[in-house]
Amino acid sequence: PTGTRTASNLLEKIGQAGIPYQLAQAGQALDLGDGSRLEVVGVSRRGAVLRLAWGSFQALLPAGMDFEQMEAMQSTSGLAPVNALLLAESGLPALNPPEWVAGLMPQVVLLSVGAGDERSVLDPQFEAFLTGYTLLRTDKNGWIHLSTDGEELWVEVERR
């Protein structure tokens with residue numbers, strides 16, 4: 001909750017409004033209906049690592065990954081294969097080690113960065129490693145829409 005100013009402000013507003021809340025903890029899951037689940041794989045001071053699962057579809061969303069969480073994730077089994085992987089920290093190689101990415105066997109790798117964002121410049125070696133994957137970037141592809149029926153995966157992008 002103290003990882004970012006935005007998170008702190010949100011919790012303050014929720015508290016002021018008297019809305020009950022519970023902080024995410026590893027192992028928690030939210031049933032989204034029809035067999036789909038949002039699971040908290042891990043929690044760091046920066047946020048959470050989430051897995052969205054439905055049928056044979058899995059997306060790993062390590063938006064709150066930090067170095068301690070990455071270390072714990074490398075020894076975590078049962079995550080692979082994933083259909084979609086969101087790269088942590090705009091593709092920072094230390095939080096997206098190639099051996100970890102390869103072990104997850106993603107069909108689609110997503111990089112969320114703004115156009116002109118200095119962080120959107122991937123490490124050349126990591127970018128070369130990613131040429132073996134379908135890499136979609138918000139700075140180059142615009143919005144990215146993933147759809148699934150729990151078995152198949154469809155991808156739409158704003159621009160090619």
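Predicted model: local features only at pLDDT ≥ 70, side-chain atom pairs only at ≥ 80, totals over all residues.
Helices (H or I, at least four residues) and strands (E, at least two) are DSSP runs, numbered from the N terminus. Two strands pair if DSSP finds at least two bridges between them. Buried means under 20% relative accessible area, exposed means over 50%, and partly exposed lies in between (1.4 Å probe, protein chains only).

**The antiparallel strands**

- S1 and S2 are antiparallel partners, paired over four bridges, with glycine 33 opposite serine 36 in S2.
- The hairpin of S1 and S2 has two residues between the strands, and aspartate 34 takes a positive phi near 55° there.
- S2 and S3 run antiparallel and are joined by seven bridges; they also form a hairpin with two residues between them.
- Across this pairing, valine 40 has leucine 50 in S3 as its bridge partner.
- S3 and S4 are antiparallel too, with five bridges.
- Two residues lie between S3 and S4 in their hairpin, where glycine 55 in the turn has a positive phi of about 60°.

**The parallel strands**

- Two bridges link S4 to S5, and these strands run parallel; alanine 59 has alanine 84 in S5 as its bridge partner.
- Strand S4 (residues 57-61) has four of its five residues buried, so it is largely enclosed by the rest of the structure.
- Strand S5 (residues 84-86) runs parallel to S6, with three bridges between them, and leucine 86 stands opposite leucine 110 in S6.
- From S5 the chain passes through helix H3 (residues 98-104) to S6, a β-α-β crossover that is right-handed. Right-handed means that, with the strands pointing away from the viewer, the path from the first strand over the helix to the second runs clockwise.
- S6 also runs parallel to strand S7 (residues 134-137), joined by four bridges, and leucine 136 in S7 is the bridge partner of leucine 110.

- A pocket is found on a 1 Å grid over the protein atoms alone, as an open set of points with protein on both sides within 12 Å along at least five of seven lines; a 1.4 Å probe is used, and lining residues have an atom within 4 Å of a point.
- The second largest pocket holds about 210 Å³ of space. Its volume is the space filled by probe spheres set on the grid points, which are joined across faces, edges and corners.
- Among the residues lining the second largest pocket are Ala24, Gln28, Leu38 and Ala48.
- Strand S1 (29-33), S2 and strand S3 (47-54) are the elements that give two or more residues to this lining.

**Residues to look at up close**

- Serine 36 sits in strand S2 (residues 36-44) and is buried, at 12% relative accessible area.
- Leaving out residues up to four places away in sequence, serine 36 touches Leu30, Asp31, Ala53 and Trp54, where contact means heavy atoms within 4.5 Å.
- Aspartate 34, in the loop between S1 and S2, is exposed, with a relative accessible area of 74%.
- Methionine 105 lies in the loop between H3 and S6, has a positive phi near 55° although it is not glycine, and is partly exposed at 48% relative accessibility.
- A cis peptide bond, with omega about -5°, joins alanine 80 and proline 81; proline 81 is in the loop between helix H2 (67-74) and S5.
- Valine 113, in the loop between S6 and helix H4 (124-130), is buried at 6% relative accessibility.
- The C-alpha atoms of valine 113 and lysine 140 are 9.0 Å apart in space, while the two residues are 27 apart in sequence.

How values were computed
Residues numbered from 1 in each chain as written. Heavy atoms only, no water.
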